[in-house]
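Please walk me through this structure, one part at a time. I am new to it and would like a plain account.

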Amino acid sequence: MPVVPLLYKLTAFAYKDYLSFGYVHVGFRGTEEMTRQYNINVYAPTLLIFKEHINKPADVIQARGMKKQIIDDFIAQNKYLLAARLTSQKLFHELCPVKRSHRQRKYCVVLLTAETTKLSKPFEAFLSFALANTQDTVRFVHVYSNRQQEFANTLLPDSEVFQGKSAVSILERRNTAGRVVYKTLADPWTGSESDKFILLGYLDQLRKDPALLSSEAVLPDLTDELAPVFFLRWLYSASDYISDCWDSVVHNNWREMMPLLSLIFSALFILFGTVIVQAFSDSNDERESSPPDKEEAQEKTGKTEPSFTKENSSKVPKKGFVEVTELTDVTYTSNLVRLRPGHMNVVLILSNSTKTSLLQKFALEVYTFTGSSCLHFSFLSLDKHREWLEYLLEFAQDAAPIPNQYDKHFMERDYTGYVLALNGHKKYFCLFKPQKTVEEEEAMGSCSDLDSSLHLGESRGKPACGLGSRPIKGKLSKLSLWMERLLEGSLQRFYIPSWPELD
């Protein structure tokens, strides 16, 4: 079939540390030579095991219904080469297990040879001998003596006869600590017929007399030759992953690539988002470090910057100025009606004539409270929205009585300096009423004497006389104490059914 069966994939993954797996679709063009060379029936699944010789498979299995148990047994029987090379202590334990009983003796015939680029004659002779003498109790292995010098020196006698030559040793492991009994052939292994005859004689004698292995030693652990360093392992994993991704892109397998693409774009979005936010925050800090002048802020942006000292600041504000916006029909909904829960808008009531002086004093009094992000500051023009304010004050207990239509001072009641803390979500407000100072009472007394001599029609809508800037600023002298009580939650709250329209 053109697609690799899942059962074969699972088998390949299970034995990936011991064997390399391949797959051939016999329907492809160019496979006729392979099927002819190995005499394969193309109408049934076939497994071929190749070991040292690639021209002829070491074992073949063919069945129409390839079961998992059949595949596992076939792989387990051909798990190792005919003369495998010992590259690690783990492989040594598997190929040459420890003797557990008299009937479970396992002997290892070890060829100690030098590493060569091509197959040498001694190794070829040793391999042919192993192929001709396959037994359940004997395992043939070989070791590169230049890579495992301690292991080789333990098995070789103290003689210069084996210097630079190959040797054969028969050993049996007695425990996991490395204790073995062994016998090394007296002459170097050249692969001649006499060497094979001597080795065969020892193996036949070993079946009858296990005491042939007269020498005893403790073998050191083998060095893991195939274990790469951490950097190489990471490099191999990264190259495999990149290769898989490239194959997926080339074959347009976009459905499997979507998780990877999503991860890459998410990481890029987070990275660039962090950089952009950091850039904007740095620019805001620079802008706040050099705030505009007072007059410029009041005339253009409606923001006032007070001069303050450390004595009248209880905590460090976030900004170097107080942002006070005008409460109009445009900003009414966002600044009050739809104010987020837990947020309050502190509104100063002023008139056109008292706007500048009251805003400066208001900014000085509330500056130390601008560190809280839940407080917003606004001002309301009494000349434009007097009816809205008087409707709100009807719900305030002990507030100044609201005049009726027959009150001659109906349009002259002074609400400048009033401060309302409005909670838009819970529909309540707290009221600050300025207390009259001595200077203001004296000025109001003189104004009332003068007002009695004037006609009622001439004085309506106009203040009889002005109060100076200092009495006006004195209206907000106790606002900071009131703000502290506001944050403590100890002020009286006046609830209303709904917020009126600000026309």
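Where is Asn39 found? Asn39 sits in the loop between α2 and β1. The model is a predicted one, and every value below was computed from it. The phi angle of Asn39 is near 55 degrees, which is a positive value in a residue other than glycine. Asn39 has a relative accessibility of 72%, and because exposed means over 50%, this residue counts as exposed.

Lys427 also has a positive phi, near 60 degrees, and is likewise a residue other than glycine. Its place is in the loop between β13 (419-423) and β14 (428-432). With a relative accessibility of 31%, Lys427 falls between the limits of 20% and 50%, so Lys427 counts as partly exposed.

A search of the whole structure gives 15 aromatic pairs. One of them joins Tyr38 and Phe50 in an edge-to-face arrangement, with 5.3 Å from centre to centre and 70 degrees between the planes. The two residues belong to distant parts of the chain: Tyr38 lies in the loop between α2 (32-37) and β1 (46-49), while Phe50 lies in the loop between β1 and β2 (59-62), twelve residues apart. Phe50 counts as partly exposed, because its relative accessibility is 34%.

Another edge-to-face pair is formed by Tyr332 and Trp388, whose centres are 6.0 Å apart and whose planes stand at 90 degrees. Tyr332 lies in helix α11 (residues 332-337) and Trp388 in helix α13 (residues 386-393), so this pair ties together parts that are 56 residues apart in sequence. Tyr332 and Trp388 are both buried. Elsewhere, Phe126, Phe129, Phe140 and Trp189 make up one aromatic cluster.

Lys16 lies over the face of Phe13, at 5.7 Å from the ring centre. Lys79 is placed over the face of Tyr18, and here the distance from the ring centre is 4.0 Å.

Now turn to the strands. Which strands are joined to β5 by bridges? Strand β3 (residues 83-85) is joined to β5 by three bridges, and the two run parallel. Within this pairing, Ala84 has Val141 in β5 as its bridge partner. Strand β4 (residues 107-113) is also parallel to β5, and seven bridges join them. Here Leu112 stands opposite Val143 of β5.

Strand β5 covers residues 138-144, and six of its seven residues are buried, so the strand is largely enclosed by the rest of the structure. As background, in a regular strand the side chains alternate between the two faces of the sheet.

The last stop is on the surface. Which residues form a nonpolar patch there? The patch consists of Ile264, Phe265, Leu268, Leu271, Phe272, Val275, Ile276 and Phe280, and together these have about 830 Å² of accessible area. Phe280 is found in helix α9, which spans residues 254-289. The relative accessibility of Phe280 is 54%, so Phe280 counts as exposed.

Methods: Residues are numbered from 1 along each chain as its sequence is written. This is a predicted model: local features need pLDDT of at least 70, side-chain atom pairs count only at pLDDT 80 or more; totals for chains, interfaces and linings use all residues. Side-chain values use heavy atoms; hydrogens and water are left out. Buried means under 20% relative accessible area, exposed over 50%, partly exposed in between (1.4 Å probe, protein chains only). Helices (H or I, at least four residues) and strands (E, at least two) are DSSP runs, numbered from the N terminus. Two strands pair if DSSP finds at least two bridges between them. Patches are made of residues with over 30% relative accessible area and no salt bridge: like charges are joined within 9 Å, nonpolar side chains (Val, Leu, Ile, Met, Phe, Trp, Tyr) within 5 Å. Accessible areas come from the Shrake-Rupley method with a 1.4 Å probe; for residues, only the protein chains shown count as cover. A salt bridge is a side-chain nitrogen of Lys or Arg within 4 Å of a carboxyl oxygen of Asp or Glu. Rings of Phe, Tyr and Trp (its six-membered ring) pair if their centres lie within 6.5 Å; planes under 30 degrees apart count as stacked, over 60 as edge-to-face and the rest as tilted. A charge sits over a ring if NZ of Lys or CZ of Arg is within 6 Å of the ring centre and within 35 degrees of the ring normal.
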